[in-house]
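Open the structure in your viewer and keep the selection tool ready. We will go from the sheet to the helices and end at a pocket.

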Amino acid sequence: MTNYRRRYVPGGTYFFTVRLQDPRSDLLIRRIDVLRDATKLCKKRWPFDIVGAVILPGKLHMIWTLPNGDAGFSKRWRLIKSTFSRHVPAPDYIAPNHQRRGEKGIWQRRFWEHVIRDDEDFALHMHLILAAPVHAGLVKRPTEWPHSSLQHRKMDLDPSPPKTTALAPSGQDRKAAVSAN
């Protein structure tokens, strides 16, 4: 059996990728209401902040910040995935290994997580979230995708034009101006 190593940082900020078993499925966006309810239930039981998120047809990316002293992201994902699975129909085909374990076969068993190390790392992973629908070929611009945290935030993707200001007088010039008066 594979030995997965996870880095647990209490109060940390993490980037996650969680996938459906069938990558061609559109279940996540078709039943996004169930996913939202499962996430709200989890947040009520074990609080955390969702800093950024994008829901694609067959996978999702999220950035979470956990409360101080808490590193339990695995239990949160277990609750979200199991709650979602209980409230959607099973797929037509369930792999035998999932059937043996009594699973519905909706989600891949594992998820991918990455601890955000600094501001630059955060910016990179937030960019991955914003660009994911474009990379998946679903839209031409990130603002066109409705299942993204971008839709809930006032974010400007284009840099603002530089602000111009008149040159401020130096300290010596101000003294000269005062003594001249």
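Two strands pair if DSSP finds at least two bridges between them. Helices (H or I, at least four residues) and strands (E, at least two) are DSSP runs, numbered from the N terminus. This is a predicted model: local features need pLDDT of at least 70, side-chain atom pairs count only at pLDDT 80 or more, and totals for chains, interfaces and linings use all residues. Residues are numbered from 1 along each chain as its sequence is written, and side-chain values use heavy atoms, with hydrogens and water left out.

**The sheet**

Select the strands. In which order do the 4 strands lie? The order is E2-E3-E1-E4, in an open sheet with antiparallel pairing. Colour E2 (49–55) and E4 (112–115): these are the edge strands, each pairing on one side only. On average, neighbouring strands are turned by 15 degrees against each other, direction ignored. Axes here are lines fitted to C-alpha atoms, for helices over the stretch in contact, and angles run from 0 to 180 degrees between N-to-C directions.

Now show E2 with E3 (residues 59–65). They run antiparallel, joined by 6 bridges. Pick Ile50; its bridge partner in E3 is Trp64.

**Helices on the sheet**

Next, select H3. It lies across E1 (13–19), E3 and E4, at about 140 degrees to E3.

From H2, the contact residues include Val34, Leu35 and Ala38; from H3, they include Leu79, Ile80 and Phe84. The contact residues divide into 8 nonpolar, 2 polar and 2 charged. Ala, Val, Leu, Ile, Met, Phe, Trp, Tyr, Cys and Pro count as nonpolar, Asp, Glu, Lys and Arg as charged, and the others, Gly among them, as polar.

**The pocket**

Last stop: select Arg78, Lys81, Trp107, Gln108 and Arg109. Of the 17 residues lining the largest pocket, these lie nearest its centre. A pocket is an open set of points on a 1 Å grid over the protein atoms alone, where a 1.4 Å probe fits, with protein on both sides within 12 Å along at least five of seven lines; lining residues have an atom within 4 Å of a point. H3 gives the most to this lining, with 6 residues.

Terms used. Contact = heavy atoms within 4.5 Å.
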